Amino acid sequence: EDLRPLKYSAHKEENHSIGYLKAGFGNYLTPVFQLELANKDHSKFQTGLNVDFIHSKSKKPKFRQYYELGIQGYGEYHLENTTLGAKVGLDMDQYYLYGMSAEEADTTDKNDISRKYTVPKFGLYFFNHSTNKWDLNFAGNLDVEIANTDFSNKGSNINYGLHAFREFVGDTYKAGLDINGQYTDNIHPKFSNKRNAVAIRPYGGIKKEIWSLEAGPVLIIDDGDVHLLPYIKNKIKIKDDLIVMYNEWNSKIGYDNLVRIYKENPFIEENIHFHDYRFQERIILGLRGALPSGFSYDARFGQNVWEDFPLFVNDTNDMKQFMQIEHEKVKAWNGHVELEYEKAGQYGARASFDYFSYKTNHEKEAWHMPELKVTFSGQYIWHEKLFIGAEVIALGGIKVRNQQLDVEKLSPQVDINLSANYQLTKNIGFFVELINLLNNTQPPFN
């Protein structure tokens, strides 16, 4: 959902055959390429290859330029009730610092403003794809990422997870366990930043005719520090599915490392430290529902809390890149309204509105976090041949720290994307994507 100027993010059609290819070319010399290959019979095993590529190139460093290539191969073997899988991949991404004057751009060597990331990846996973003799639903994963750069930072992550639950007396009672953990080692020539963290969430649930409850503790152990937070999901059907009242308290750990941060903000300085944070979403009151006509709604009010949260701030020595401020506590009262309408196979639209009121412990402001967020998306389908889509994202009330260390409020950021796909035959189609029509150049984060 985050706004990425000049970022190709169009909807991708589902691949229901052994191959899928999407290729195109845009202004600013921007080729795009997507490829998917898979075996046809998936009854016993499945293998495949996915490739995603985009390259925005210009001779002038003042324009935003990037190169993104993702390659992943995978294989799955289906046992009677369980699927075992492995995947191996490589991300090769390069970005250039931008936002400079024309005079500075003329004298700048592009190699001096490069941020290049090469990340080989490997993973193992398993899950049950059908009911087993224990009536147990489960999934697990182990993933390894190793990041190398063309500047001084390197990093490696080991991520693991285990998720299982079982229902009793039909679906009246439920017991489950979620485990998520990460070991990360982020290396700089002057220091090494190693962290080991895990979040463990045992929970139980009960479901009656109009009421359901799911709750449990969330135990977070982060490099020796222990935190105990709640997990609660309470739901009451006031009138079938037309009016449902709910309250939630969701708690989780956020992992901070070189791979995560560059996906969100590649324009970081070199001597950056990393620190995990804790996030709580406290929904005090929510109402949602769906009508048979295709209309649905969701309205809620609550508070979000980030503890030990890293905030991006501009580097006052070089305003083209960013630093991270660590150990900040941010609280935000949040009101959310969402409306959606869909007529299956013909058209649909969704609009949402968010308002945030922030409070920080140490910093003057919650840097780069929007106070207002408005989104709209819609699609029209004509005879299963022509697919027309529109997407609008607007962010307002973003405050930054300028070069004089004063608070500066950015102008509202609006991103408009349009798309059209025409399916000429079963296997051949054409597409047009119009991305970032208002030429927004300010990258948002968080």
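Which residues make a nonpolar surface patch of about 850 Å²? Select Y341, Y347, Y380, W382, I388, Y422, L424, I428 and F430 to see them. Patch members have over 30% relative accessible area and no salt bridge, and nonpolar side chains (Val, Leu, Ile, Met, Phe, Trp, Tyr) are joined within 5 Å. The areas come from the Shrake-Rupley method with a 1.4 Å probe.

Before you go on: this is a predicted model, where local features need pLDDT of at least 70 and side-chain atom pairs pLDDT 80 or more, while totals for chains, interfaces and linings use all residues. Residues are numbered from 1 along each chain, and side-chain values use heavy atoms, without hydrogens and water.

Now pick Y347, in strand 17 (residues 347-360); strands are DSSP runs of E, at least two residues, numbered from the N terminus. Y347 is partly exposed at 35% relative accessible area, since buried means under 20% and exposed over 50%.

Next, select strand 18 (residues 372-382) and strand 19 (residues 386-396), an antiparallel pair with 11 bridges; pairing takes at least two DSSP bridges. Here S377 faces E391 of strand 19. Three residues separate the strands of this hairpin, and H383 has a positive phi near 55 degrees. Strand 19 also runs antiparallel to strand 22 (residues 413-423), with 10 bridges, and F387 stands opposite N421 there.

Last stop: D185 in strand 9 (residues 173-188). D185 is buried without a salt bridge, and K194, its nearest oppositely charged side chain, is 4.4 Å away. A salt bridge needs a Lys or Arg side-chain nitrogen within 4 Å of an Asp or Glu carboxyl oxygen.

Terms used
Helix = DSSP H or I, 4+ residues; strand = E, 2+ residues; numbered from the N terminus. Patch = residues over 30% accessible without salt bridge, like charges linked within 9 Å, V, L, I, M, F, W, Y side chains within 5 Å. Buried < 20%, exposed > 50% of the residue type's maximum accessible area, 1.4 Å probe, protein only. Lys, Arg positive; Asp, Glu negative; His and termini not counted.
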